[in-house]
Amino acid sequence: TIDGTVLVIAGPGSGKTQILTLRIANILQTASVDSENILCLTYTESGARTMKERLARFIGEKESRKVNISTFHGFCMRLREEYGEYFEKKTLASDIEKVKILKTVLESHDDLYWICSESNKLANIGDILRSISEYKRERNTLEYIKSQSDSLESYLSTAKNTYEAEKARGIKRGFTFNQTKINEIERKSKKLSEFFTVAKEYDKKLKEKNLCDFDDLINDVVDKLKSVFEFSRSVQEKYQYILVDEFQDTNTAQNEIVSLLGEYWMEENLSPNIFVVGDDDQSIYRFQGASVSNILEFQKNFPSVEIIVLDTNYRSTQEIVESARSLVAKNKITIDKLIEGVDKNYISNNGKSGASPSFINFSNNHYEVAYITKYIQEYVNQTNSKGEKNKYNDIAILFRRNYDAYEFIKAFD
């Protein structure tokens, strides 16, 4: 069926992009809706491009262009343009503008010791911008940040008073709050207090310049969907079929958009046509646990949801699938442990077999680089099953941070 609310747990290499593309094509073939009534939300621009290219192969480029396939940010920007009467006219701040504004805020304070480096006040500017973005994405307000800061300050006062009282009674060990714990509470309290001050001034300066950031774009749309009936009804009635890719990585604000788009149909005691695809084990942009909460919250908001598991991997060998499964099984919070009937026992169907991944632990990075360099040299001197020499471009090295590549570059030179 193409109707109703569906949650697809799509394992690695299971063809989730193909599933989404085929579903859009199927909706257009079988339902009495126009292309403009379909909305597909993806997490990245590259994901949106891939979806558009595949859909064009099925239904033709002219028709595929009418389907709204975009990122959450792109979708919200379009809504602001289409329904401009409900939104203040603001310009999207560039990364340079955001850095300049935050730089001005930081330089105007001489009392920031906890969120800034002592030697260089601007050293943590990237981290502070990311923290500001995170509190907005999770729909936290400045008032909430302030209340959390006040609570920590009160907790710190209690900890200090308790510690002094216990010392006065002659207690030598087993303190309720020792000095180390008090220092940690103080560090968190001071950092949060300073962050509130900086974030408040940053937002104020954005507004003074009539600017907004990407997170403001989404939050403004969420607020209007909640508060302006004419706007929300118009959007809800327009998009009769909603599809979401990489659902495990969506944040609170993006989740609210999906829920609000389906709200009209829930009020009519109907199951909205929302089709989301994700897998908590493949979360990249959210910490482990938050991705699970996305899916649990979706099930809570739409109790009639049908859950489907795509358990066939068309990309990897069974050896790789089993190795990944044995690692992921150690996660304490996973969907298959929380939702009855969800079985993520993935199997390979790529028609190949291969060696299991090897895990080698080195005492330091120099030994690691030397080993990998030697391994690569030996590999390219060997021939493959076709009798051809192996190539360097058959090899990929993945590392956590860009500067981790430096040692490899030196060794390869």
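Modeller: Let us begin with a term: a residue is called buried when its relative accessible area is under 20%, exposed when that area is over 50%, and partly exposed in between, using a 1.4 Å probe and protein chains only. Helices (H or I, at least four residues) and strands (E, at least two) are DSSP runs, numbered from the N terminus. This is a predicted model, in which local features need pLDDT of at least 70 and side-chain atom pairs count only at pLDDT 80 or more, while totals for chains, interfaces and linings use all residues. Residues are numbered from 1 along each chain as its sequence is written, and side-chain values use heavy atoms, with hydrogens and water left out.

Colleague: Okay, is strand β2 enclosed or open to the outside, and why?

Modeller: Strand β2, residues 38-42, is largely enclosed by the rest of the structure, because five of its five residues are buried. On one side these are Ile38, Cys40 and Thr42, and on the other Leu39 and Leu41, so that both faces are covered. In a regular strand the side chains alternate between the two faces of the sheet.

Colleague: Which strands does β2 pair with?

Modeller: Two strands count as paired if DSSP finds at least two bridges between them. β2 pairs with β6 in the parallel sense over four bridges, and Cys40 stands opposite Leu243 in β6. Four bridges also join β2 to strand β3, residues 68-71, and these two run parallel, with Leu41 opposite Ser70 in β3.

Colleague: Changing topic, how many helices and strands does the chain have?

Modeller: The chain has 17 helices and ten strands, and 39% of its 413 residues count as buried. Its C-alpha atoms fill a box of roughly 75 × 65 × 45 Å, taken along the principal axes.

Colleague: What about the nonpolar core, and which residues touch the most other members?

Modeller: A nonpolar core is a set of buried Ala, Val, Leu, Ile, Met, Phe, Trp, Tyr and Cys residues joined through side-chain atoms within 4.5 Å. The largest one has 38 residues, of which Phe75, Phe231, Val235, Ile257 and Phe298 touch the most other members. Helix α11, residues 252-261, gives the most to this core, with five residues. A second, separate core of 23 residues includes Ile38, Met51, Ile69 and Val277.

Colleague: And what is Ile257 in contact with?

Modeller: Contact means heavy atoms within 4.5 Å. Leaving aside neighbours within four places in sequence, Ile257 is in contact with Phe75, Cys76, Ile218, Val221 and Val222.

Colleague: Which residues are closest to the centre of the second largest pocket?

Modeller: The second largest pocket has a volume of about 740 Å³, and of its 31 lining residues Tyr43, Ser133, Arg137, Asp215 and Asn251 are the closest to its centre. The largest share of this lining, eight residues, comes from α6.

Colleague: Last one: where is Arg315, and is it buried or exposed?

Modeller: Arg315 lies in the loop between β9 and α14, and it counts as exposed because its relative accessibility is 61%. The C-alpha atoms of Arg315 and Gly15 are separated by 8.9 Å, although these residues are 300 apart along the chain. Leaving aside neighbours within four places in sequence, Arg315 is in contact with Pro12, Gly13 and Asn350.

Notes. 1 Å grid on protein atoms, 1.4 Å probe; cavity = no way out; pocket = protein on both sides within 12 Å on 5 of 7 lines; lining within 4 Å. Points joined across faces, edges and corners; volume = space filled by probe spheres on them.
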